[in-house]
Each structure stands twice: as structure tokens, then as C-alpha cells.
Amino acid sequence: MVKILKVGVIGTGMIGQDHIRRITDLIPSAVVTAVTDTNADNAKQAARKAADIKIFETAEQLIAADNVDAVLICSWGGAHEAAILLALAAGKPIFCEKPLADSQAACQRIIEAEVKLGKRLLQVGYMRRYDPAYKAMKATIDSGKIGAPLIFHSVHRNAGVPDHYKGDMAISDTMVHDIDVARWLLDSEVARVRVVGAKKNTRGGGLRDPLMALIEMDNKTLASVEVSVNIDYGYDIQGEVSAEKGSVSLGETNKIIVKSQGQFSGEILADWMLRFVEAYDVEIAMWAEAARHGGVTGPSAWDGYAIQAVSDAAIKSADSGDVVELNIGDKPSIYV
Ligand code: NAP
């Protein structure tokens, strides 16, 4: 076990810098010692976030550095595989932001490399599992109080999205979180998926938005997902599991209700950073603690791979209008 975990960060854009702040301000047993980014300005900005952060030219140099015990990967999806394989080869614990990689084949190569090591070293950033409300939903299901779960309804609405949000990102960047939660709450892999587009939101500039997915799980439970990323009124995450003798839903996030002039109202959060701040804080703190002991917990490379497979199938379905079947193979024993 190391006393203070020395973390190297690859990719220092929005979420990378947020995680650096998180480690620096909230986690006394970890310190960011190194950064690298293909965008030199981002790397310089990130290096100013804490004392004694060294900037490396490449991910390879950062991973090999003596002052790096563990690696946090926050570059874009297409760059994840190369960095993960290097960090696995170096035997250093890894936190990789979602997606695990940008293709199923890349995810499989990562799994093969980790299985060869014989133990988990990688956690993927599906942070909703650390959100207190989702955790309470899961605990309610696991308690047996509402009976066996049957259907999970998930609603994922963003006020708007940035200019670079294009193509299939409503699925590959957004719906992936709902897919993760569906697998986790319903305790099953996905058997088949169908995605249908609705009348387009005119605020979306041609984007296929909103979308509805119907997901059938291997254990015969169902999940419905609405993704709507230009909804204007705020960031709104809803979820309900209906079960054999009860249901459990996420509560509203507003802390107060104002009653005035014959109406009552409450605040709707503006974005995902505000909605899931506690989840990110706990996620990174727990990763750092496990990494200090040389391992990892939390969502695994297998979860990353399974979600990628569903995301690819969902995109295929949205393109074709067909139901798309999944067959992701057997889970290696290190992930059981
Ligand atoms: P961002 O602001 O664009 O930051 C990404 C940074 O990585 C940029 O500085 C980029 O440089 C750099 N980069 C790209 N390729 C690289 C490479 N090969 N080596 C080193 N640096 C590289 O993006 P972001 O919003 O922070 O997102 C980063 C990742 O986090 C994405 O995978 C995203 O899906 C994920 N994310 C997850 C959540 C969540 O809820 N869990 C939330 C937000 C983001 P350039 O500027 O030159 O491209």
C-alpha cells in the first residue's frame, strides 16, 4: 500500500481538470503529480491546479514515470485504448472516463490484456452507481421490499448540448449512462434493443433527438429510455423501477419548494456536473482508496465492453428501425 497515491492524469480538458480539483481539494490520501495532453494549453492550465505537477509530452512517458502510482484517463474515447494498454502493462491502477474505448474490438483487447494480468486494475467512469439516489434505489430493490423488478423507466434530458455534440452521441455519449444503470439495477445483460426516433426537437439543429429505446434484458426484464438533449428547461434525470409488489423512483433534486401567489415551484438543476457532483466525488475517492491498495473496485472493463456493445446495437437499430440482438459472450472470471 502507498501512503499517498501519486496520480498521473492523461487528458486535461473539462472533466480531467474537474477530477484534478477533486483529488487536490477533497482527497488527502492522493495527489496529482503529472499531466499530459495533446492540447498544450489545457495541460498548462491543469498543471496550475496543484503544486508540483509535472507536464509530460506523451502518455507513455507519464505512465512510465516514477512519480506516478496510478493513472486517470480523461482524453477522448478514441485515445483510451492505447493509454489503458500501456498502464496495464506497467501494472498501474487505472481510472478511465467513459466510454471504455470507441469500439467493441478495442474493449475486447482491453479485457484480454487485463485477463492476462489475472486481476482487475481498471475502473470505468460510469458514476451513476455512486449517486446517493440511485444507490438508494438499488438498496431498495436488493432488500426485496418491492419484490422482483420487472421494468426500469429512465429519462435523460439535457437543456442543450455543445456544438461538437453530433451524429450518434445521443446514444454513444448520453444513453450509455442509462444502459449502465439498466444493467446494474435489473442485474442482467441486454438481450436485444430497439431505438426509435420521435419528431425531432427543432432546437437540435437536425440532430436525431429525442430518442426512445426499448431494451429487453437476458432475464426478461425490460428497460425504456428517453434521451432528449435539447429540452431547454434544465437537466432532468428520472428513473423508476416497477416491481412485482411495489415501485421505487428517484426523487426530485430541488432542496426547497417555494409557495407563492397560488403556485408552488422548485429549482431544476442546470447541468450534469451539478446533478452528479456527489457521485463524482465518491467515485474518485473510492477509486483512489482502492488504488492506494494496488487494486480497483467499481464498474469494470467488462461493464465498459457490455455497454459499448449495447450502444453499438442501439445505433444500428436507430439507423435500421430493426430490433438488434446482442451476444456479448461469457464474462471472464476476474469480472464475476
Ligand atoms: P475535453 O474537454 O475535450 O477534454 C479532453 C482532452 O483530452 C482535451 O484537452 C484533448 O485535447 C485531450 N486529448 C485528446 N486526445 C488525447 C490523447 N491521445 N492524449 C492526451 N490528451 C488527449 O473532453 P471532456 O468533456 O473532458 O471529456 C473527456 C472524456 O471524459 C470523454 O471520454 C467523455 O466522454 C468523458 N466524460 C465523462 C463524463 C461522465 O459523466 N462520466 C462527463 C464528461 C466527460 P484537444 O483539445 O486537442 O482535443
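This is a predicted model: local features need pLDDT of at least 70, side-chain atom pairs count only at pLDDT 80 or more; totals for chains, interfaces and linings use all residues.
View 1. Residues are numbered from 1 along each chain as its sequence is written, and side-chain values use heavy atoms, with hydrogens and water left out.

**View 2. The overall fold.** You can look for ten helices and 15 strands in the protein; these are DSSP runs (helices: H or I, at least four residues; strands: E, at least two), numbered from the N terminus. The radius of gyration is 20 Å, close to the 20 Å that the globule rule gives for 336 residues, so the protein is as compact as a globular protein of that length. That radius is taken over C-alpha atoms, and the globule rule is 2.2 Å times the number of residues to the power 0.38. Of the 336 residues, 52% count as buried. Buried means under 20% relative accessible area, exposed means over 50%, and partly exposed is in between (1.4 Å probe, protein chains only).

View 3. Side chains of opposite charge can pair when their charged atoms come close. A salt bridge here is a side-chain nitrogen of Lys or Arg within 4 Å of a carboxyl oxygen of Asp or Glu, and the count by this rule comes to 21. In the one between D180 and R129, the closest N and O atoms are 2.6 Å apart. This pair ties distant parts of the chain together: D180 sits in helix α7 (residues 169–186), while R129 is in the loop between β6 (122–124) and α6 (132–143), 51 residues apart. With 0% relative accessibility, D180 counts as buried. R129 is buried too, at 13%.

**View 4. E226 and R157, from strand to strand.** These two side chains meet in a salt bridge of 2.7 Å, N to O. E226 belongs to strand β10 (residues 222–228) and R157 to strand β7 (residues 149–157), so the pair links parts of the chain that are 69 residues apart. Both E226 and R157 are buried.

**View 5. R292 and E289, a pair within one helix.** The closest N and O atoms of this salt bridge are 3.0 Å apart. R292 and E289 are three residues apart in helix α9 (residues 277–292), so about one helical turn separates them. R292 counts as buried at 13% relative accessibility, whereas E289 is partly exposed at 33%. Elsewhere, salt bridges that share partners join R129, D180, R183, E189 and D303 into one network.

View 6. Q308 lies in helix α10 (residues 301–320) and is buried, with a relative accessible area of 9%. Leaving out residues up to four places away in sequence, Q308 touches P99, A101, D102, S103, Q104 and C107; contact means heavy atoms within 4.5 Å. A290, in helix α9, is buried at 14%. The C-alpha atoms of A290 and P93 are separated by 8.7 Å, although these residues are 197 apart along the chain.
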